[in-house]
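Visitor: I have not seen this structure before. Please take me through a few of its features.

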Amino acid sequence: MHLSRLAERLKDKPAVVMGGSGRSLSYRELEERSNQIAHLFRHRGLNPGDHIAVLMENRLEMFPVVWAAQRCGLFYTPVNWHLAEREAAYIVADCGARVLVSSASLEHLALAAAAASPALESRLVVGEGETEAERLEEAISAFPTAPAEDEVEGIYMFYSSGTTGQPKGIKVELTGAPFGTGLPLDTTMATAFGIGEASVYLSPGPLYHAAPLGWSMGTIRQGGTVVVMERFDARLTLELIQRYRVTHAQFVPTMFVRMLKLPEDVRTAYDVSSLQIVIHAAAPCPVEVKERMIEWFGPKLIEFYSGSEGTGFCMIDTPTWLKHKGSVGRNILGVVHICDDEGNELPPYEVGTVWFSGTRRFEYHNDPVKTAAAYNDKGWTTLGDLGYLDEEGFLYLSDRRTDLIISGGVNIYPREVEDVLTLHPAVADVAVIGIPDEEMGQRVHAVVEPADPDAAGPELAEELIAFCRERIAHFKAPKSVSFEQIPRLPSGKILRRALMERYAAE
């Protein structure tokens, strides 16, 4: 698991391939460039426990930078480049980054971040484009390609998506272990998912999120090859699986939906038989969507439930899921507890807050109030999700507490309504929210992105409401429907807060 040993043995084997451009980085190149950058970081006075920020699109140049930080014992924060200048600047300043490495194409964001970050000492740039900053390639040119002495493991510090408020850094303690020891995820990938030197892992998500970057680095730790998509495209995904004989791929449910909505002749034109394991997480997957993916890809789907906070880990394979449809699995890390608002543990099938005990501690950077809210008096932690256990201990998620709609005193889970509407052929995407209602407190409203924009209107709205009422209880069905593009983060999560604020104001 030591990058130097892997490079010595694997030499010119691709560590990373970019799916769109075909550009690649070998193990030898990754080793040499990450060592040069690591020497640069040390020369600039960065010590274990210090922080850098990385502001890049999905691009090859990101990997030597994060590996340099990993082998220097640094915290490194990938910044969402889709953010507005103010939002990106907040993250760079809040994490206390001393160095910012960015793409020249994102100069406007980098300048805003630099202006707002008092701890920032230097700014380095990769890629083509005008910039005021120092070029990384020039800065490292005089440094050796051999490893520095006393390498120690660093770790990423991701920021929450900010779907319910200001993003917060999720900080775990550095172990101080020698570089090459690896992170807990690396071991899980090898033992539970079978990722090794023969593996080709497809990463279609943005690298500023935990799973795409963490699993890509974990694949490299095992000596495999990572195929990174610059951005997700349903048809290109199938093409890359066929071209590179992908063995492992990871998706979010919205990606499944988009692949399933490709014309059948397109879906059947590509050979996906090389796939050994198809991983999905990040958001609950509608049961029928997952059933259709199993029919297409075979019994290869593995779902996991966890968070960047490291508060527990549940997993379920396809044969088990077919016996417990809708479940996200049983715990393999931590112990699951379902509690009511008073902290009492609930019996099977009763919905409550999902808590985990026996997991590592974490904190939300610079936010002791939010950190305290994530723990109870027993030291258990929660991500704020609601769910229940069956009698065998399988976990089923209902929704996030912040998404819950309370109409006339009755709890309504948006996910249940969204799962129904997603399957309607006229729906490209959907988000269900609760909007103020004088009589009921809240009423169920569906925001729909139509597959055919010309079809949007009162007739389709009535059709969708009737479609729901045929499949779920009438009180859960939307009372109203509007049509617009759904604001989603690239991770697949709905930016529900923005919708709720706007519709509440209207």
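Guide: Two strands pair if DSSP finds at least two bridges between them; helices (H or I, at least four residues) and strands (E, at least two) are DSSP runs, numbered from the N terminus. The model is predicted, so local features need pLDDT of at least 70 and side-chain atom pairs pLDDT 80 or more, while totals for chains, interfaces and linings use all residues. Residues are numbered from 1 along each chain as its sequence is written, and side-chain values use heavy atoms, without hydrogens or water.

Visitor: How many bridges join strand S14 to strand S15?

Guide: Four, between residues 301–305 of S14 and residues 313–317 of S15, and the two strands run antiparallel. Ile302 is opposite Asp317 of S15.

Visitor: In what order do the nine strands of the open sheet come?

Guide: The order is S2-S1-S11-S10-S12-S13-S14-S15-S16, with mixed pairing. Strand S2 (24–26) and strand S16 (330–333) are the edges, each pairing on one side only.

Visitor: Which strands does helix H12 lie across?

Guide: Angles run from 0 to 180 degrees between N-to-C directions, with axes fitted to C-alpha atoms, for helices over the stretch in contact. Helix H12 (residues 287–297) lies across S13, S14 and S15, at about 145 degrees to S14.

Visitor: Is Asp385 buried or exposed?

Guide: Buried means under 20% relative accessible area, exposed over 50%, and partly exposed in between (1.4 Å probe, protein chains only). Asp385 has a relative accessible area of 9%, so Asp385 is buried. Its place is in strand S20 (residues 385–389).

Visitor: With which side chain does the side chain of Asp385 make a polar contact?

Guide: A polar contact is a pair of N or O atoms within 3.5 Å; within protein, one must be able to donate a hydrogen and the other to accept it, and residues adjacent in sequence count only if both atoms are side-chain atoms. For Asp385 the partner is the side chain of Tyr305, at 2.6 Å.

Visitor: Where does Gln36 lie, and which backbone oxygens does its side chain reach?

Guide: Gln36 lies in helix H2 (residues 27–43). Its side chain reaches the backbone oxygen of Ile140 at 3.2 Å and that of Phe143 at 3.0 Å. Gln36 is buried, with a relative accessible area of 13%. Contact means heavy atoms within 4.5 Å; leaving out residues up to four places away in sequence, Gln36 touches Ile140, Ser141, Phe143, Pro144 and Thr145.
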